[in-house]
Amino acid sequence: MDEFPDERAYTADCRARLAFEVLANRWDSVVVYTLGESGPMRPRRLRARIGGISPKVLNESLRRLEHNGLVERRAYAEAPPRVDYALTEAGTALLAPMRAMGEWAVRYADAVLDAQERHPARGRERLTGA
C-alpha cells in the first residue's frame with residue numbers, strides 16, 4: 001500500500017503545509033505546548049511558565065495563534081478585568097504531532113547540528129578551492 005496515496009498532498013500549495021506554517025514562528029509552538037500541558041492561563045503566568053519571552057513577543061504570539069484558530073482569548077467581566085488563553089480543539093489536536101516532532105528532535109538533533117557545522121566548511125572549501 002502506498003504510504004502517500006495522494007502525492008499532491010505535499011505540493012507547494014497544499015493544506016499540509018499549513019500545519020508547519022502556523023507554528024513556524026519561534027515561540028508559537030512553545031506557547032501551544034505550554035497551554036496544552038498546563039491548561040488555560042493568564043498572560044503573566046504563561047510568560048513566567050515559558051521563561052525567556054518578553055511580554056511583547058508573547059502578546060504577538062498569542063494574537064497570531066488566535067488568528068490561526070489555535071488559541072482562544074477569554075475575557076471575564078471582573079474588576080479588575082481578567083483575560084486568559086486556552087487551546088481550541090485545533091490547538092489541542094496539534095499536541096500529538098508536536099510531541100512526535102520533539103521525539104524526532106531528541107533522536108536527530110545531534111546529527112542535524114553536526115551537519116550544520118560541516119556545511120559552512122564545505123562551502124568555504126569550494127570558494128577557496130581547498
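Modeller: Let's start in the loop between α3 and α4, where you'll find Ile 53. Keep in mind that this is a predicted model. Is Ile 53 buried or exposed? Its relative accessible area is 6%, so it counts as buried, given that the cut-off for buried is under 20%. Now look at who sits around it. Leaving out residues up to four places away in sequence, Ile 53 touches Trp 27, Arg 47 and Leu 58. Trp 27 is 26 residues away along the chain, yet the C-alpha atoms of Ile 53 and Trp 27 are separated by 8.0 Å.

Next, move to helix α2, where Thr 34 has its place. Thr 34 is buried too, with a relative accessible area of 10%. What does its side chain reach? It reaches the backbone oxygen of Val 30, at 2.7 Å. Beyond its neighbours within four places in sequence, Thr 34 is in contact with Gly 39, Met 41, Leu 46, Arg 49 and Ile 50.

Leu 46 turns up again in the largest nonpolar core, a group of 21 residues. Leu 23, Val 31, Leu 35 and Leu 46 have the most contacts inside that core. Which elements supply at least two residues each? They are α2 (28–38), α3 (43–50), α4 (55–67), β2 (82–87) and α6 (95–128). In soluble globular proteins, nonpolar side chains tend to be buried together. Pick Leu 23 and trace its contacts: not counting residues up to four places away, it touches Asp 28, Ser 29, Val 32, Leu 65, Leu 70, Leu 94 and Met 98.

Now for the charged pairs. How many salt bridges does the structure hold? There are 7. In one of them, the side chains of Arg 99 and Glu 37 meet at 2.5 Å, N to O. Arg 99 is in helix α6 and Glu 37 in helix α2, so this pair ties together parts that are 62 residues apart in sequence. Arg 99 is partly exposed at 37% relative accessible area, and Glu 37 is partly exposed at 42%.

Helix α4 has a pair of its own: Glu 60 and Lys 56 both lie there, 4 residues apart, about one turn of the helix. Their closest N and O atoms are 3.3 Å apart in a salt bridge. Glu 60 counts as partly exposed at 34%, while Lys 56 is exposed at 58%.

Then there's Asp 84, which forms a salt bridge with Arg 74, the closest N and O atoms being 3.2 Å apart. Asp 84 lies in strand β2 and Arg 74 in strand β1, so the pair ties together parts 10 residues apart in sequence. Asp 84 is buried, with a relative accessible area of 7%, whereas Arg 74 is partly exposed at 28%. Glu 72 joins in as well: salt bridges that share partners link Glu 72, Arg 74 and Asp 84 into one network.

Trp 104, Tyr 108 and Val 112 make a nonpolar surface patch of about 270 Å². Trp 104 lies in helix α6 and is partly exposed, at 44% relative accessible area.

Stepping back, the chain has 6 helices and 2 strands, running α-α-α-α-β-β-α-α from the N terminus. Of its 130 residues, 23% count as buried, Ile 53 being one of the buried residues.

How values were computed:
Residues are numbered from 1 along each chain as its sequence is written. This is a predicted model: local features need pLDDT of at least 70, side-chain atom pairs count only at pLDDT 80 or more; totals for chains, interfaces and linings use all residues. Side-chain values use heavy atoms; hydrogens and water are left out. A nonpolar core is a set of buried Ala, Val, Leu, Ile, Met, Phe, Trp, Tyr and Cys residues joined through side-chain atoms within 4.5 Å. Buried means under 20% relative accessible area, exposed over 50%, partly exposed in between (1.4 Å probe, protein chains only). Contact means heavy atoms within 4.5 Å. Patches are made of residues with over 30% relative accessible area and no salt bridge: like charges are joined within 9 Å, nonpolar side chains (Val, Leu, Ile, Met, Phe, Trp, Tyr) within 5 Å. Accessible areas come from the Shrake-Rupley method with a 1.4 Å probe; for residues, only the protein chains shown count as cover. A salt bridge is a side-chain nitrogen of Lys or Arg within 4 Å of a carboxyl oxygen of Asp or Glu. A polar contact is a pair of N or O atoms within 3.5 Å; within protein, one must be able to donate a hydrogen and the other to accept it, and residues adjacent in sequence count only if both atoms are side-chain atoms.
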